[in-house]
Amino acid sequence: MTDIVKKLLNKMTVEEKIGQLIQVTGDFFKGSESTITGPLSENGRLKDEVKYMIGSVLGTSGSSEVKKIQQDYLAHSSLKIPLLFMADVIHGYKTIFPIPLGIAATFNPKMMKIASQVAASESAAAGLHVTFAPMVDLVRDPRWGRVMESTGEDPYLNEVMAREAVKGFQGNLPIDDSHIAATVKHFAGYGAAEAGREYNTVDMSEWQFRENYLGAYQSAIEAQAKLVMTSFNTMFGVPATGNKYLMKDILRQELEFNGVLISDWDAINELINHGTATDLQAATNLALNAGVDIDMMSFAYITLLEHVDELSKNVLKLIDESASRVLQLKKELGLFQNPYKGLNPEKENDKDIKLAHEKNALEVAEESIVMVKNNSSILPLSFDQRVFLTGPVADTGDLLGSWSWKGDVLQTKSLLFKMKKSFKNISFSEGINYHDRHIKDWDKISQQVSDADVIIVALGQPSSESGEATSMMEPTLPIGQIEYLKKLRQFNKPIVAIVVTGRPLILTQVNELVDAMLISFFPGTKGATALTNILTGKSEPTGRLPMTFPRNNGQIPIYYNSYTTGRPIEFGLQNNETKYVTKYIDGSNDPLYNFGDGLGYADISISESVIQENVLSMSEQIKVSVILQNKSNRSGQTVLQGYIHQKIGETVHPTKALKWFKKIEVPAKNSRKIMMSIPVNELASVHQDLSTSIDLGEYEIMVGLNSTDLVSHNLTIE
Ligand code: GLC
């Protein structure tokens, strides 16, 4: 603990320490009616003596707003401890980047760092000190709306992206005026809500948690994330926000996290709904004992003020510890020297900075787009082709996705706006909106299609159907969009589908009806430009799927790194057994699109891969040299992927697990030799006793440009 923190703690009353543990929205400082009741309020507002002890504010940003609240607070606060300002800057502040699922689709860690850096720079200028990001929850279920906020189903991709996000938000420590503190969320396991139903129970073995979910949180904490946020859900039968084992034994001791632990919104109070606390006081005790430092908007910790004299020694000690961590964070952020740290109205409104950030956003958006189909190379289109653009996503700025903070949909250029500048002959009719089944102007559309060489149909979901509290029982496109597509198909003209989505959708019918398809995970402020640049070939689609796309709703959860089971389909084929194997009687096990899938405009393949040594010790590196061959007349990029399969172990192991990836440019009519190098300690896995170690024995290392067409090399660790 540093001296200024110690000095303050020695001076502070218990009430003032409790104040530091309370977080409310900015409304409580704007004098507007609020909803608080009880002895600490007057006509719905916090009493001044409470208000000017509060430790932090969430959801308020903008340099003038923040400055006004901070000035007023410091003028009234006795100890002049500055407020912390926090907000959900998830994938951009004003310049919006693709949603995190889209940044994951770039398979380029640099893109996550750039997006986080720009978001931090804009946020800091707007007076923010902390973002509630990155969300690193592993997700295998597209029914859950917050899959948009995740980086998908793979533990390794999640770990890499989590690390880069924290580095991008925080920069080098100490956090300077262009960066903000990162909050790893949601600890833990929120992405595994049963049936993909929002806020639903999470029930997994600790083995599964440690094997697949814990890594990304750990990676973010190792990258020095300053805060962690608790999750709404249960973990091992106990709600995370009151779960001492999860928060003290695992988070604080095992992961050695000593930063600030903040609850999710109202999560302490919700311990009552969970049935693990009888009232707010009991909920407060559970959360304090679990080491939750800040109570976000549940007004549980505030009840401590009502009976300060009766607080036990243990509670007083816990209050001290939490207050100390909050003050330490304020110190590390430099708030004691400058309560207006980073706040910069000129920078906030600088046009050149905005243009530079939009350039970054375009780069990330282009790399996030995944081409999953391109029959007879219909894409890229040529400038003089006659294009008919249609569909509910063609002429809308709703490309930002959920949690796009100050991003302005009304200022976001649409596909139509951008494509008009890139195609000489383009016609447009919306046809249907997101949920319509009535096609508008069919006669006009029929003529437009007849006059066109190619149909571009922009489909998808609105941002309002993605993000928190948007679970879907059937993550598919609305029936009206499918019916419209079927009618367009009747003209037998080439159809290119663009699907803008916040989640993997079941696109089985769409896939059959179109000749080419681009998947765009809400691409952000420059999304329309990115999509247009890819349609015209100015840029190449280089994204890869960070999540499996199911063929059928009934397959969910379906993910690539699954286990063989005792009766794999292959087992059946070898033994001429087709009934008693792991399968469905009403459909295929195979997804529509696989994790790691994605096409480019160049014809690149692996012409050779050679493992350098196939007997290694634990301290060595697995090295595979790979030659990539580009047979096309245009340079192109591909994503070289390395997967490991542990053949035998005390526990089961996935048939393949991503352990290496890199986006690589290969010049036209040329080749590139790449050395894939994977530390053997990446092979560590969790054992029955929950310890993590590397098993000696036989492995496979598989290399490929996706997760299914793989070249395998045997490997022995001894
Ligand atoms: C929400 C989310 C959390 C967010 C918080 C503050 O309910 O679960 O991710 O950071 O509240 O907005």
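Reply: Lys440 is partly exposed, with a relative accessible area of 27%, where partly exposed covers the range between buried (under 20% relative accessible area) and exposed (over 50%), judged with a 1.4 Å probe and protein chains only. This is a predicted model, in which local features need pLDDT of at least 70 and side-chain atom pairs count only at pLDDT 80 or more, while totals for chains, interfaces and linings use all residues. Residues are numbered from 1 along each chain as its sequence is written, and side-chain values use heavy atoms, with hydrogens and water left out.

The side chain of Lys440 meets that of Glu430 in a salt bridge, 2.9 Å from N to O, the term standing for a side-chain nitrogen of Lys or Arg within 4 Å of a carboxyl oxygen of Asp or Glu. Both Lys440 and Glu430 lie in the loop between strand S15 (425-429) and helix H16 (442-450), so their pairing ties together parts that are 10 residues apart in sequence. Helices (H or I, at least four residues) and strands (E, at least two) are DSSP runs, numbered from the N terminus. Glu430 is itself partly exposed, at 30%.

A salt bridge also joins the side chains of Arg437 and Glu483, at 2.3 Å from N to O. Since Arg437 sits in the loop between S15 and H16 whereas Glu483 belongs to helix H17 (residues 479-489), this pair ties together parts that are 46 residues apart in sequence. Arg437 counts as exposed at 54% relative accessibility, whereas Glu483, at 27%, counts as partly exposed. By the salt-bridge rule the count comes to 22, and Asp88, Arg146, Glu149, Lys185 and Glu468 are linked in a network of such bridges.

A polar side-chain atom of Asp88 lies 2.4 Å from a ligand oxygen atom, and a polar side-chain atom of His186 lies 2.7 Å from an oxygen atom of the ligand. In the side chain of Glu468, an N or O atom is 3.1 Å from an oxygen atom of the ligand. Taken alone the ligand exposes 310 Å², of which the protein buries 92%, the accessible areas coming from the Shrake-Rupley method with a 1.4 Å probe.

Definitions and conventions. A polar contact is a pair of N or O atoms within 3.5 Å; within protein, one must be able to donate a hydrogen and the other to accept it, and residues adjacent in sequence count only if both atoms are side-chain atoms.
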